[in-house]
Amino acid sequence: MSQPALLPETQLSALPPRFAAWFRARGWAPHGHQLAMLAAAEAGASALLIAPTGGGKTLAGFLPSLVELAGQPHEGLHTLYISPLKALAVDIHRNLTQPIEEMGLEVTCETRTGDTPHSKRQRQRRKPPGILMTTPESLALLLSYYDAPQVFGSLRCVVIDELHAFAGTKRGDLLALGLARLQSLSPGCRRVGLSATVHDPDWLAAWLSPTASPEGVRRVIGRDGAEAVVEILTTREHLPWSGHMAVHALAEVYQRIRQAGTTLVFVNTRAQAEIVFQELWHLNDDALPIALHHGSLAVEQRRKVEAAMAAGKLRAVVATSSLDLGIDWAAVDLVVQIGAPKGSARLLQRIGRANHRLDQPSRALLVPANRFEVLECRAALEAVKARSLDGDPPRPGGLDVLSQHILGSACAGPFDATGLYQEIISAFPYKGLTRKDFDRTLDFVATGGYALKSYERYRRLGLDKEGFYRVANLAHVKRYRMNVGTIVEAPVLKVRLRNGRVLGEVEEYFVNGLLPGDSFIFAGQLLAFEGMRENTVVVSRAASGDPKVPVYAGGRLPLSTHLAERVRGILADPEAGHDLPPAVAEWLRLQRWRSQLPPADGLLVECFPRADKEFLVAYCFEGRNAHQTLGMLLTRRMERAGLSPLGFVATDYVIAVWSLKAAEDVDALFDEDMLGDDLEEWMAESSMLRRTFRNVAVIAGLIEARAPGQEKSGRQVTFNADLIYDVLRKHEPDHILLQATRADAAGGLTDIGRLGDMLRRVKGRIRHRRLERISPLAVPVLLEIGKEQVYGSGLDELLDEGAQALIAEATEGLEVGRGQAELPL
């Protein structure tokens, strides 16, 4: 809970004497935004605090509650703190306990998560603490008990930390519905939202508001901290044309770790975390204590790393987004981002992990893995300097989450449908929910819907004589409480050392490709696969081998729309003060000679022959998800046009399609009418909709991953989901869960909205270049073809070997020097 800000002594007079003395003893004075939060609380107003990391946000959120509790005794629960991470709730509890003890306040403060012992959870319901720290899932569980009115009736304040991490997500939908229920149980309860990175304050204020309107929430803005010092590594090594692991630069990263006190090394995927950790460990001649942290490791291992980091015992931690949020480690000297950050808000959040002090600049190093990533890192750096943040627009709340909430409401006691509907539409994500869609969702929860109502197990609610909905039997209550939440992991299997401890979990499909004796990297170790035993992967430590690396579904985040616009701007004017490394500047000069650079407001499409095939390369810059969808639709359209497409590959920046015949009418290929019948046909056939339906069905409670006395394997859950999906498509194609599935697919995995915006933007602005051979800018995407069969740190080296022939072809006829290209005139 870092604070240093020495303001005039008069600021302390705004605090009660006991609090003023505590600040004074630490050499502190309250920040202006902390006093503003006190004033909002005194007025009974909800408030959104936007302040940089290190500005004392957490203390600002809790200070009004501590002052109120110190001033007069309060019976029962006073303040509820909601965190996106269990570890963050524990960290905040530790930080809050210190001032409570030092001021001698008679305030009880506890945590409640899935790790809390059963006896303590029972006691917390009977005698709640004054302040309770928890997560959205634990809140949903508490609200599902009959005594929720007694537990929450005394509630005066809800503090939501890292609010931006909830808004616009399914976890956020569940939390918003929980907040609406809390408001019914304690109408005078005020809400406090804390966030460091906000791209749309009005939206966030509306999300926080009890009325779903921003007008009822005070905006409190903290003063800016010292400007971050962010550097893009210009490597001394050869900069790869493709690849994502940045292995070429890790020796330079290791030297930065040696020079810093403590370093956080962020990567974008768990597979990348394993490889970067292994490579750093091989370079670690100084035996520095370096650790690994990602969401698939065993919880005990993650807690050990967090504790060692907090105690200052580590020099570096290689981490994924598992450490993006708020744990207070003021001793971090340097943040390293391996690979492009994919979004400016994401980068700013990670940079904020360094120093955690408002008066000291954060230090960060961006390490691009390839030439396109240099452009993306430059765009992200310019966005951070301009304080221009990205973010997705608001979307309606999920109907699968609504289904879960309706059942949870019934678990707590009988409800009236109209009353519940009015409560639900007071939550911002559901303010546009029609009564018709609510009634359809309620009918699904009660009966399973038309296609499933003949099965007793799907009849979960019944109507009593007074017209109230009740749970049909207690078995549904147990199943709800065992499966509450919106985080649906891909089917995973535990990894256990033979006769030893559990190391973590890997996804089932990865294990399906292993044979006994195969080696793979996991938990920072080289392991040998021995076999399966009761749904557990049994391994031993391997001395050597050519290892694979587990790849996790959904691990890659697409390039944000905001950064994509900036990258296009850099390409349209690469000499406008962007300070590009010589290798990248040369690459772009070669492209300008061979073809042209992609325009900022249009679309460059190149076509060229290669190896008896015709290639079409489009520089869309709309992110991997949108490009994957575009590839599916383009190949369908090319097939109908008789072009005989053979395949496609998509990156965050570019899509390439190869066929037997050349495309001529490129404008017709990219017409936005492809989002009509072509899209409907593809989505109906796609296995992606089945995967999406599986997640929707689990969240909605149609399929339970866990049931009393048993836990289903991922394969069983998927099999059950596929059977039900086929039944619903055939007999009830407008079922509420199929509607939810299509909405999820459109907004996430397919990025249809973003693709549609791009097709509209480039209409009439497509620049088609017919080339004799591949262009320099197309080399990276062609290197991606077939690389998914290759694992491990050798991938970048293999790609670079493959690049040589393509580079030679792309630069034929040009004299290429070190950092220069002599362009024929």
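The dialogue below takes up several features in turn.

Tutor: Let us begin with the source. This is a predicted model, in which local features need pLDDT of at least 70 and side-chain atom pairs count only at pLDDT 80 or more, while totals for chains, interfaces and linings use all residues. Residues are numbered from 1 along each chain as its sequence is written, and side-chain values use heavy atoms, with hydrogens and water left out.

Student: How many helices and strands does the chain have?

Tutor: Helices (H or I, at least four residues) and strands (E, at least two) are DSSP runs, numbered from the N terminus. In this chain there are 31 helices and 29 strands.

Student: What percentage of the residues count as buried?

Tutor: A residue is buried under 20% relative accessible area, exposed over 50%, and partly exposed in between (1.4 Å probe, protein chains only). Of the 825 residues in the chain, 59% count as buried.

Student: Which residues have the most contacts inside the largest nonpolar core?

Tutor: In soluble globular proteins, nonpolar side chains tend to be buried together. A nonpolar core is a set of buried Ala, Val, Leu, Ile, Met, Phe, Trp, Tyr and Cys residues joined through side-chain atoms within 4.5 Å. The largest one here has 112 residues, and those with the most contacts inside it are L80, F152, I160, L461, F670 and F693. Apart from this core lies another of 62 residues, among them A308, M309, V374 and A379.

Student: What does L80 touch?

Tutor: A contact means heavy atoms within 4.5 Å. Leaving aside residues up to four places away in sequence, L80 touches residues including L132, F152, L155 and L182.

Student: How is a pair of aromatic rings described?

Tutor: One gives the distance of the centres and the angle of the planes. Rings of Phe, Tyr and Trp (its six-membered ring) pair if their centres lie within 6.5 Å; planes under 30 degrees apart count as stacked, over 60 as edge-to-face and the rest as tilted. The structure holds 16 aromatic pairs. One of them joins F372 and W587 edge-to-face, with 5.0 Å from centre to centre and 85 degrees between the planes. This pair links distant parts of the chain, as F372 belongs to helix 15 (residues 371-385) and W587 to helix 22 (residues 582-594), 215 residues apart. Both F372 and W587 are buried. Ring pairs also connect W241, F372, W587, F621 and Y653 into a cluster.

Student: Which charged residue sits over the ring of Y145 at 3.9 Å from its centre?

Tutor: A charge sits over a ring if NZ of Lys or CZ of Arg is within 6 Å of the ring centre and within 35 degrees of the ring normal. The charged end of R481 sits over Y145, 3.9 Å from the ring centre. R125 also lies over the face of Y145, at 3.8 Å from the ring centre.

Student: Where is E162 found, and is E162 buried or exposed?

Tutor: E162 is in the loop between strand 5 (157-160) and helix 9 (170-185). E162 is buried, because its relative accessible area is 5%. Most residues other than glycine have a negative phi. E162, although not a glycine, has a positive phi of about 50 degrees.

Student: Which other residue has a positive phi, of about 55 degrees?

Tutor: That residue is S644, again not a glycine. S644 lies in the loop between helix 23 (624-640) and strand 23 (645-650). S644 counts as partly exposed because its relative accessibility is 26%.
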